[in-house]
Amino acid sequence: KGVINPTEWSAMERFMNTTVAENIEKYRKADLTVQIVDAAGLPVQNAAVTLEQTNHAFSFGMSLGFFEPNSIFPGGDEKPLPVTQQELNIVPQIFNASMIPFSGKWVYLEPNPGEKRWSDLDKYVDFCTAHHMTLEFHYLSGITPAWMRRNPDPEKFLEHAEEVVDRYADRIKYWQVENEDSLLQMTPPVFKALRAKHPGIQLGIADCVRFWGATTPGTRDWEQYKGWDSMEWLKSQGVKIDYFGVHGHRPPGLWADPREMYEVLDRFQKEGVRVHITEEYLPPDGYPIVGPVRTGQWTPELRAEYFVRYLTVAFSHPDVDLVNLWGMAPIGWGPSAGMINMKGQPEPAVEALRKLFKETWHTHVEAKTGLDGKIAARAFHGTYDVTVRTADGREVK
């Protein structure tokens with residue numbers, strides 16, 4: 001229903017069932033051998049071994065709102081409500097990562113020169129750390145406070161960036177230095193200083209790259225690959241970026257062709273730049289579906305179906321490390337596009353993603369060791385609990 005071109009839809013389904021499915025098997029799983037030995041190093045035979053996956057190596061993220069009431073109005077930006085206990089209960093049960101969307105923005109951290117407000121960001125980082133969630137910071141150059149906009153100062157930007165990274169570098173893995181060209185010209189010294197101070201740090205930029213190229217004639221490349229020129233300019237300044245954050249929400253309402261998603265992701269892979277998809281959301285019920293694939297209007301059920309397809313494509317591509325969905329709450333995330341509706345009920349997408357991450361893409365193995373004390377399995381990359389029950393009744397985990 002609503003398919004624009006049945007022939008093309010069939011071709012997309014073949015792509016999903018071949019390239020996408022095969023790449024998940026190839027790039028997100030591995031052959032695993034576990035050998036059980038006793039204290040003397042001898043194989044333990046006929047032991048019952050259970051492998052239970054506890055986390056994914058891939059990062060499936062969900063952004064959260066403020067952890068404290070906030071009276072600052074940044075102007076020109078969305079602003080979600082503080083998180084609810086319902087959100088705090090749901091997120092760590094399903095997701096293993098989070099991109100910090102607002103709590104880390106400069107306008108909230110330092111509304112006036114020298115007035116530092118760390119409390120909300122501290123709570124965000126502490127919550128995610130306690131739940132073993134990978135963190136990405138969005139973003140060091142903004143939203144720029146009014147006082148910085150009135151008097152742009154490269155030294156103040158560098159000082160701010162170093163202070164934030166110094167405070168959280170042990171807990172935040174990924175750092176967006178700039179987003180949508182915010183203070184871009186000031187960033188090369190920041191990249192270089194942070195790399196010198198924190199070797200191995202993961203630094204990136206982000207912009208509104210699109211997974212559909214039906215844009216203004218003659219400007220498709222510029223619009224679809226927005227931010228590519230910034231990446232090239234940084235390279236000319238001797239700056240290496242580790243990843244590019246693709247904003248997944250442009251154009252609003254898009255049902256993307258998985259082949260075109262691959263075309264975009266392949267281009268970054270050829271440049272040796274890893275990809276994060278950092279701000280994916282869908283519009284609310286009744287909003288028109290756009291793009292080359294389907295027509296009609298979005299419904300809760302279509303949102304769930306599309307999120308599963310979209311994340312399956314992203315998970316399958318070898319250059320992608322993280323996908324972050326932009327918001328749980330119904331207010332403050334794009335056009336009311338949160339994962340909880342205005343009645344406070346989780347959208348069908350919540351359960352669909354739980355099943356995808358925790359059941360479809362989950363390894364559970366029960367086997368008995370052979371004469372060599374070994375079991376073998378094909379398993380998703382991640383962390384595991386291994387439980388061993390020996391023939392004489394002992395259990396080790």
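Predicted model: local features only at pLDDT ≥ 70, side-chain atom pairs only at ≥ 80, totals over all residues.
Biologist: Which other peptide bond is cis, the one to Y139, and where is Y139?

Modeller: The bond from H138 to Y139 is cis, with omega near 0°, and Y139 belongs to the loop between β5 and α5.

Biologist: Why is α10 called a helix, and how do you know how far it reaches?

Modeller: Helices are DSSP runs of H or I with at least four residues, and strands are runs of E with at least two, both numbered from the N terminus. Helix α10 covers residues 258–270, which is 13 residues. The expected span is 1.5 Å times one less than the number of residues, and α10 reaches 18 Å from its first C-alpha to its last, close to the 18 Å expected. At the start of α10, a side-chain oxygen of D257 comes to within 2.8 Å of the backbone nitrogen of R259, and this counts as a polar contact because the term asks for a pair of N or O atoms within 3.5 Å, one able to donate a hydrogen and the other to accept it within protein, with residues adjacent in sequence counting only if both atoms are side-chain atoms. Just after α10, G272 takes a positive phi of about 75°.

Biologist: Which residues of α6 are buried, and why are they said to line one face of the helix?

Modeller: Buried means under 20% relative accessible area, exposed means over 50%, and partly exposed lies in between (1.4 Å probe, protein chains only). In α6, the residues F157, L158, H160, A161, V164, V165 and Y168 are buried. Seen down the axis of α6, these buried residues fall within an arc of 165°, so they line one face of the helix; the arc is that of the directions from the helix axis to the C-beta atoms. What covers them includes α3 (106–109), α4 (119–130) and β5, where contact means heavy atoms within 4.5 Å. D153 caps the N-terminal end of α6, with a side-chain oxygen 2.9 Å from the backbone nitrogen of E155.

Biologist: What makes E68 and K123 a salt bridge, and how many salt bridges does the structure hold?

Modeller: A salt bridge is a side-chain nitrogen of Lys or Arg within 4 Å of a carboxyl oxygen of Asp or Glu, and the side chains of E68 and K123 meet at 2.8 Å, N to O. E68 lies in the loop between β3 (59–62) and α2 (85–94) and K123 in helix α4, so the pair ties together parts that are 55 residues apart in sequence. The structure holds 28 salt bridges.

Biologist: Is R294 buried or exposed, and with which residue does it form a salt bridge?

Modeller: R294 counts as buried, at 9% relative accessibility, and it forms a salt bridge with E305, the closest N and O atoms being 3.6 Å apart. E305 lies in helix α11 (residues 300–316) and R294 in the loop between β9 (274–280) and α11, so the pair ties together parts that are eleven residues apart in sequence.

Biologist: Why is H132 called exposed, and what is its phi?

Modeller: H132 has a relative accessible area of 63%, so it is exposed, and its phi is positive, about 55°, although it is not a glycine. H132 is found in the loop between α4 and β5.

Conventions:
Residues numbered from 1 in each chain as written. Heavy atoms only, no water.
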